[in-house]
Amino acid sequence: PAEADQRFEAMVAAVTQVVDAARIRPAAYVLCASSRMAVVRPLRLAFRGRRKVAPAVPFELEPFLAVPLEELAVDFITIREVDGETEVLAVGVRRAQLLEQVEAMRAAGAAPAAIGLDAVGMTRLWHASLKAPTGLRAVLHVREEGLILAVVYGKTLAYFRGLASTAAHLHQNPGAVAREVQNSLRAFQAQWKGEGTVGELCVMGIELFDDERRLFEDGIAMPVMYDEVFPKLKQAKKGLAATAQVSLDEDAPARPRQRYAYWEATVGVAFAAMNGGYSLDFAQGELAPSTAMIGAVRHAVFSGMLLVAALAGVAGYGYVSYRKSQQDLDSIGAKIWELYADSFAESEREFKQRPN
């Protein structure tokens with residue numbers, strides 16, 4: 001249809017505009033997909049080891065699907081191994097929806113090397129900021145188009161779900177949103193087979209007035225805190241201001257925390273794609289990158305973590321770049337490590353200990 005052609009052309013034009021605006025030529029790209037396209041299901045498999053688990057996950061997920069398995073790109077996160085079994089969080093995304101975005105990026109000369117999910121990226125960024133993550137903790141990511149509730153267990157992701165409420169609903173009827181969040185947490189706790197209960201909820205991406213906060217907290221049966229990771233990153237404001245796409249005026253009438261929600265998703269997906277912990281990657285089959293591109297992804301993604309925030313505002317894509325010159329690459333990498341070490345010191349030590 002003509003409308004479909006126009007949509008695709010518009011997507012290609014949007015990606016091209018972002019790529020052309022880059023001051024340095026990107027060497028690798030990461031697609032930040034929306035979790036609203038995802039099917040999520042916790043599974044327990046009767047064996048251990050990724051070699052056995054990976055091929056079994058799609059077939060274990062199939063009975064819970066409303067669409068044929070062949071229509072989905074599937075990946076998973078291991079939650080824990082216990083009593084000879086493996087608990088995983090299986091996630092599927094429609095291939096057709098991803099392929100449209102991937103083809104648009106390819107047509108613009110920006111073929112993605114990896115495909116991540118915004119919910120996982122935002123949770124990874126928040127999770128890395130915790131000093132000593134233990135037990136079960138919940139985080140509520142507030143965005144204009146919807147809320148995402150996630151639960152982490154120790155150092156991994158145990159659950160996430162997109163909620164029907166939006167940022168506007170949280171302002172208009174905090175009590176109703178609190179009931180939706182509380183019901184989702186109860187549903188998670190009912191199916192959770194591990195030890196402990198969710199002990200606290202962190203709300204990200206919104207600043208509530210005192211009355212709104214009180215009404216929301218009255219409906220949550222646990223301590224509630226409010227935080228934001230992205231503004232803590234050094235040079236983050238400078239990077240956003242350079243794009244001229246968001247206002248960073250602290251006196252602006254818009255509530256400041258809402259200004260960072262989309263940037264946290266793109267930077268988080270870049271952070272997760274460096275393979276330093278749990279992540280999802282749906283770049284499989286026809287969505288997969290070329291062999292030459294795969295080798296550059298890990299270094300490119302991490303080295304360009306700040307540039308991703310500056311470039312990913314158009315069409316919801318995250319991009320990662322590094323300079324061709326090894327001297328420039330070393331310089332950029334050193335600056336990024338300095339920034340990362342200041343913000344997430346403990347996570348840096350963990351990453352450095354991982355084998356290449």
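Q: Buried means under 20% relative accessible area, exposed over 50%, partly exposed in between (1.4 Å probe, protein chains only). So are Tyr159 and Phe188 buried or exposed?

A: Both are buried, which means each comes in under the 20% cut-off. This is a predicted model, where local features need pLDDT of at least 70 and side-chain atom pairs pLDDT 80 or more, while totals for chains, interfaces and linings use all residues. Residues are numbered from 1 along each chain as its sequence is written, and side-chain values use heavy atoms, with hydrogens and water left out.

Q: How many aromatic pairs are there, and why is the one between Tyr159 and Phe188 called tilted?

A: There are three. Rings of Phe, Tyr and Trp (its six-membered ring) pair if their centres lie within 6.5 Å; planes under 30 degrees apart are stacked, over 60 edge-to-face, and the rest tilted. Tyr159 and Phe188 have ring centres 5.2 Å apart and planes at 45 degrees, so they're a tilted pair.

Q: What makes that pair a link between separate parts of the chain?

A: Tyr159 sits in strand β8 and Phe188 in helix α6, so parts 29 residues apart in sequence get tied together. Helices (H or I, at least four residues) and strands (E, at least two) are DSSP runs, numbered from the N terminus. Ring pairs also join Tyr153 and Trp192 to Tyr159 and Phe188 in a cluster.

Q: Why do β9 and β10 count as paired?

A: Strands pair if DSSP finds at least two bridges between them. Strand β9 (residues 201-204) and β10 have four, in the parallel sense, so they qualify. Met204 stands opposite Asp227 in β10.

Q: What makes β8 and β10 edge strands?

A: The open, mixed sheet runs β8-β7-β6-β9-β10, and β8 (156-163) and β10 (224-227) each pair on one side only.

Q: Why does Arg124 count as sitting over a ring?

A: The rule wants NZ of Lys or CZ of Arg within 6 Å of the ring centre and within 35 degrees of the ring normal. Arg124 lies over the face of Phe271 at 4.6 Å from the centre, and its charged end sits over Tyr278 at 5.1 Å. Both distances are within 6 Å, so Arg124 meets the distance limit at each ring.
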